[in-house]
Amino acid sequence: MSGPERPARRGQRWKVARNLLHDNAAATADRVAGLLLLLYAQHINTIRHLTLGHMPRDGDKLTILPGDRPIVLPAPLDTLIAELIRPV
C-alpha cells in the first residue's frame, strides 16, 4: 500500500470533510482529528498534543487554541469536539 501520489483535489477534500462531519462510522476522535487536518491545516503532532486547556469556551462558543489565536469552531464541528471533552 502506498501513500497519496498528489494532493487531493478540492472537491475530494470537501467530500471527505462532509463524511467526517456527518458519518458516525468512525470514532469521534478520528473524525475531529481528520477535520482539524483538512479544514485548519493542523499538523498531526499539533492535534495529538491538544488538551482541554486548548479548548476554552468564549461565552456559548467553543474555541480551539492550537497556536497563538483561538479559532471559533463552527457547528457541527463544535458539537463533535464538545462530545470529546464532555466530562464522563
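**Entry 1: α2 and α4.** I began with the crossing of α2 and α4, which is left-handed (the near helix is turned anticlockwise from the far one by less than a right angle; clockwise would be right-handed). I took the elements as DSSP runs numbered from the N terminus, helices being H or I of at least four residues and strands E of at least two. This is a predicted model, where local features need pLDDT of at least 70 and side-chain atom pairs count only at pLDDT 80 or more, while totals for chains, interfaces and linings use all residues. Residues are numbered from 1 along each chain as its sequence is written, and side-chain values use heavy atoms, with hydrogens and water left out.

I looked up the packing of α2 and α4 and found an angle of about 140°, with the axes 10 Å apart (axes are lines fitted to C-alpha atoms, for helices over the stretch in contact, and angles run from 0 to 180 degrees between N-to-C directions). That makes α2 oblique to α4; under 35 degrees counts as roughly parallel, over 145 as roughly antiparallel, 65 to 115 as roughly perpendicular and the rest as oblique. I listed the contact (heavy atoms within 4.5 Å): T28, A29, R31, V32, L35 and Y40 come from α2, and L77, L80, I81, E83 and L84 from α4. By class, the contact of α2 with α4 holds eight nonpolar, one polar and two charged residues.

**Entry 2: α1 and α2.** I found α1 and α2 packed at about 150°, their axes 9 Å apart. α1 is therefore roughly antiparallel to α2. On the α1 side I noted R13, W14, V16, A17, L20, L21 and H22, and on the α2 side R31, G34, L35, L38 and L39. α1 passes α2 in a left-handed crossing.

**Entry 3: the core.** I looked up the largest nonpolar core, which has 15 residues (buried Ala, Val, Leu, Ile, Met, Phe, Trp, Tyr and Cys joined through side-chain atoms within 4.5 Å). Those with the most contacts inside this core are L35, L36, M55, I64, L73, L77 and I81. Two or more residues each come from α1 (10-22), α2 (28-40), β2 (61-64) and α4 (77-85). Not counting residues up to four places away in sequence, L77 touches L21, L35 and Y40.

**Entry 4: backbone.** I checked A41, in the loop between α2 and α3 (44-48). A41 has a positive phi of about 55° although it is not a glycine. A41 is exposed, at 61% relative accessible area (buried is under 20%, exposed over 50%, partly exposed in between, with a 1.4 Å probe and protein chains only). I also noted that the A75 to P76 peptide bond is cis, with omega near 0°. P76 lies in the loop between β3 (71-72) and α4.

Methods: Nonpolar A, V, L, I, M, F, W, Y, C, P; charged D, E, K, R; others polar.
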